Amino acid sequence: MLRSIRSRDSKSRASKSRTSMIAAVSAFTLAALATAPALAQDTFKIGLILPMTGPQASTGKQIDAAVKLYMQQHGTTVAGKTIEVLLKDDGAVPDNTKRLAQELIVNDKVNVIAGFGVTPAAMAAAPLATQSKTVELVMAAGTSIITEASPYIARTSFTLAQSTVPMAEWAAKNGLKKAVTMVSDYAPGIDAENSFKAAFTKAGGEVLQSVRFPLANPDFSPFLQRAADAKPDAIFVFVPSGQGGAFVKQFIERGLDKAGVKIIGPGDVTDDDLINNMGDAIAGTITAHFYSADHDSAANKAFVAAFKKANGGMRPNFMAVSGYDGMNLIYEALKNTGGKADGDSLIAAMKGLAWESPRGPVSIDPDTRDIIQNVYIRKVEKVGGELYNVEFATIPNVRDPVKAAKKQ
C-alpha cells in the first residue's frame with residue numbers, strides 16, 4: 001500500500017513537472033514572439049511565405065517574380081534600412097505556414113510576414129502576427145474576413161466580393177437571367193458564391209443551382225454535367241488561380257459553349273498567366289477583375305514589359321501585381337515612419353496610403369486595411385495574335401462589399 005502511494009506521488013510530481021515545463025516553453029515562445037520585431041537593427045527583413053510547390057505554385061511563382069522586380073527597380077535601401085527578403089515555401093499547407101511564420105518571427109526576427117497564397121494559410125499566421133505585433137501583408141488570399149483576424153493584417157490583393165458583386169450586377173443587366181454557381185469548396189469560393197447570389201438575385205436574376213467541388217485536383221466533368229442539365233444562361237465559376245485552364249477545357253469538352261452557355265466570374269478563371277493555353281473557344285468569356293495585363297496605362301505597359309523581360313517572357317497576372325504593390329506598400333510605409341520598423345508604426349503608416357499601381361489608382365482602406373481599387377468588366381479577345389482580358393467598363397474605387405454591408 002505504501003509503495004502504491006509513493007508511486008502515485010511520483011506520478012503526480014512528474015505530471016506537475018511536465019505541466020510546468022510546457023507552461024515555461026509556452027511563456028518563452030509568447031515572450032519571443034512579443035519581442036522579436038523590437039530586436040531588428042539596420043536590416044529590415046520580410047518573411048515571404050508562398051506556395052512555390054503544389055497546386056498553387058503559379059501564385060508563388062508570380063508573386064516571387066514581382067517582389068524581385070520591384071526590388072531591382074527600387075533598390076534595397078529604404079529610410080536607412082537594408083531590405084532583405086527571406087522566401088519560404090509552405091505549399092499552401094496551413095500547418096507549414098504557421099510553423100514558418102513562427103520561425104521567421106522568432107529566429108529570423110523579420111519585421112513583416114508577407115505572401116499567403118490561400119486563405120487558410122493567411123488565417124493560420126494571424127494569431128502570431130497579433131502576439132508578436134508583426135505586420136502580416138496578404139498579397140494573394142481573397143476571403144473578406146482575413147483582415148478581421150488581426151489588427152496587424154493589411155492586404156494588397158483583393159476580396160472576392162470586389163469582383164463578384166460587379167460581375168453579378170453586369171450579368172443581370174445584360175440578358176443573363178439564369179445562372180448556376182460553381183465554386184471551389186473553401187472560404188473564398190463560399191464568399192464568391194454568397195456575394196454573387198445575393199447581388200444577382202437582387203438585380204432580378206435567378207440562381208438555378210449552387211455547386212461546390214473539392215479544392216484539390218477536382219474533376220469538373222460531373223459538376224459541369226449537372227450545370228448543363230439545368231440549362232442556364234451562364235455558369236458563374238470561381239476556382240483558385242491556376243485551375244481555370246482545366247475548368248475551361250472540360251467546359252468545352254462537354255459542349256457547353258456550343259449550347260450557348262456563357263462562363264462568367266471573377267478573373268481567376270481567365271488568368272493572364274494561363275489564358276493563351278486555353279484555346280480560342282474561351283474568346284468572348286466575360287469576367288470582372290481588378291487587373292489585366294492588357295490594362296491601358298503607361299504604368300502597366302512599363303510593368304508588363306519589365307516583368308516579361310525579367311522572366312523569360314512570362315506574362316504577369318493579378319497575383320504578380322498584388323505582390324508588386326505589396327512591396328510598394330512596405331517601402332512607402334517604411335519611408336513614412338522615418339525608418340521605424342515596429343509593427344504598430346508600420347500598420348499605422350499603411351492605413352490610407354494611396355498610389356498609382358499598374359492596375360490603376362489604389363489605396364489602403366484606413367478602417368479595414370483592405371485595398372480600395374477599380375474593378376473592370378473584361379472580355380477575352382485576340383490582341384496581336386494572343387488572348388487577353390480586354391477591359392470595356394470600369395467600376396471605380398471599389399471597397400470590400402462584405403464589410404461595407406456590415407456597416408449598413
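User: Why is Lys68 called exposed?
Analyst: In this predicted model, Lys68 has a relative accessible area of 52%. Exposed requires over 50%, so Lys68 qualifies.

User: What makes Asp64 count as buried or exposed?
Analyst: The relative accessibility of Asp64 is 10%. Buried means under 20%, and therefore Asp64 is classed as buried.

User: How do you know that Lys68 forms a salt bridge with Asp64?
Analyst: Their closest N and O atoms are 3.2 Å apart. The criterion is a side-chain nitrogen of Lys or Arg within 4 Å of a carboxyl oxygen of Asp or Glu, so the pair meets it. Both residues belong to helix H2 (residues 57-74), where a spacing of four residues separates them by about one helical turn.

User: What makes Asp280 and Lys382 a salt bridge?
Analyst: Their closest N and O atoms lie 3.3 Å apart; the limit is 4 Å, so the term applies. Asp280 is in the loop between S10 and S11 and Lys382 is in strand S14 (residues 371-383), so the pair ties together parts 102 residues apart in sequence.

User: Why are Asp280 and Lys382 classed as they are for accessibility?
Analyst: Asp280 has 52% relative accessibility and counts as exposed, because the class begins over 50%. Lys382, at 48%, counts as partly exposed, because that class lies between 20% and 50%.

Key. Residues are numbered from 1 along each chain as its sequence is written. This is a predicted model: local features need pLDDT of at least 70, side-chain atom pairs count only at pLDDT 80 or more; totals for chains, interfaces and linings use all residues. Side-chain values use heavy atoms; hydrogens and water are left out. Helices (H or I, at least four residues) and strands (E, at least two) are DSSP runs, numbered from the N terminus. Buried means under 20% relative accessible area, exposed over 50%, partly exposed in between (1.4 Å probe, protein chains only).
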